Amino acid sequence: MEELKKFTKEELKYLSQVYNNPSDNEFLLFHMAKLTEEVGELSEAVLLYIGRGQRKEKLKKFKKENLGDEIADVIIVALQIASTAGIDIQQVLKRKMKKVADRRGSHI
Ligand SMILES: [Mg+2]
């Protein structure tokens, strides 16, 4: 998790320069637009993974690794949103996992 946090900080520093030092609110909107793009790419990857892509050449070239890459892209942008909003995602994930586990009557 520490490696991810460090990576996210470095990425945000780079993206802040790319977007010309946006305010936090502007930055969040940029991240949301990017997340939407990445979710679209993940949707396409899932379709290709289950053999339902519309373009045969994409189906032929598709590898399971591509699905992993698109999942990673969504997670990376979600982490950028959390960081920009000052949310400690590690703490939130622990809380959410406990909440879900409690709901199911299981323990983590
Ligand atoms: Mg992507």
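Predicted model: local features only at pLDDT ≥ 70, side-chain atom pairs only at ≥ 80, totals over all residues.
A crossing of two helices is called left-handed if the near helix is turned anticlockwise from the far one by less than a right angle, and right-handed if clockwise. Keep that in mind for the second view.

View 1. Residues are numbered from 1 along each chain as its sequence is written. Helices (H or I, at least four residues) and strands (E, at least two) are DSSP runs, numbered from the N terminus.

**View 2. Helix α2 (residues 24-49) meets helix α4 (residues 64-84).** Their axes, lines fitted to C-alpha atoms over the stretch in contact, come within 9 Å and cross at roughly 165°, an angle between N-to-C directions that can run from 0 to 180 degrees. So α2 is roughly antiparallel to α4 (under 35 degrees is roughly parallel, over 145 roughly antiparallel, 65 to 115 roughly perpendicular and the rest oblique). The crossing of α2 and α4 is left-handed.

**View 3. Here are the residues of the contact of α2 with α4.** They divide into 14 nonpolar, four polar and seven charged. Ala, Val, Leu, Ile, Met, Phe, Trp, Tyr, Cys and Pro count as nonpolar, Asp, Glu, Lys and Arg as charged, and the others, Gly among them, as polar.

**View 4. The C-alpha atoms fill a box of roughly 50 × 45 × 25 Å along the principal axes.** Buried residues (20 or more other C-beta atoms within 10 Å of their own; 12 or fewer is exposed, in between partly exposed; C-beta atoms are placed from the backbone) make up 9% of the 108 residues.
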